[in-house]
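The points proceed from the overall fold to two individual residues.

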Amino acid sequence: MNIFKRYFLVVLVLILSSCSVSYNFTGTGKLDAKTFQVNYFQNMADIVEPGIERTFTQRLQNVILNQTNLKLVSTGGELLYEGEIVEYRITPMAATSDQTAAQNRMTITVNVRYSNKNKEEDNFERRFTHFYNYEANKLPSEVMQDALNEIYERITQDIFNQSLAKW
């Protein structure tokens, strides 16, 4: 029995010492930076909905702050997020028997440029899009808060996954 305990202890030590992959609960692995910067995302869409660019910028900052131990800085960040909202549109999605819209879709597309000063091979420029469907008998202003919450949650998480989690 004593030999079994020693054998088990040796195997356990070898297994634990051989694990060199760093993991945390956000799935980012080892970050090679301490600071990040999110520049203001301007609304360059054909249809301008006031305030959505400020909300998006804040949501992206919050996602990174809440899921990493990186420090937000206003200038000189090792990780830099910048870009613009390039599309905001509302389109009819489903018709009723009397040829009117039964459901509308709000779509937002954000163009993101990500730069990592410490690891330039991670840099990218990419568009992220998501949508929110709602009943056509409601005005966009009635669903705006719920729509933005869902759309921005998905887009910011996709940006986080692409830039830091490498998913």
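1. The protein contains three helices and six strands, arranged along the sequence as α-β-β-α-β-β-β-β-α. Helices (H or I, at least four residues) and strands (E, at least two) are DSSP runs, numbered from the N terminus. The model is predicted: local features need pLDDT of at least 70 and side-chain atom pairs count only at pLDDT 80 or more, while totals for chains, interfaces and linings use all residues. Residues are numbered from 1 along each chain as its sequence is written, and side-chain values use heavy atoms, with hydrogens and water left out.

2. Of the 167 residues in the protein, 36% are buried (under 20% relative accessible area; exposed is over 50%, partly exposed in between; 1.4 Å probe, protein chains only). Among contacts (heavy atoms within 4.5 Å) with a separation of 6 or more, 67% join residues 24 or more positions apart.

3. Asn111 belongs to strand E5, residues 101-116. Asn111 counts as buried because its relative accessibility is 7%. Its side chain makes a polar contact of 2.9 Å with the side chain of Glu125; such a contact is a pair of N or O atoms within 3.5 Å, where, within protein, one must be able to donate a hydrogen and the other to accept it, and residues adjacent in sequence count only if both atoms are side-chain atoms. Beyond four places in sequence, the contacts of Asn111 include Phe41, Glu82 and Arg127.

4. Asp122 is located in the loop between E5 and strand E6 (124-135). With a relative accessible area of 16%, Asp122 is buried. Leaving out residues up to four places away in sequence, Asp122 touches Tyr114, Asn116 and Lys166.
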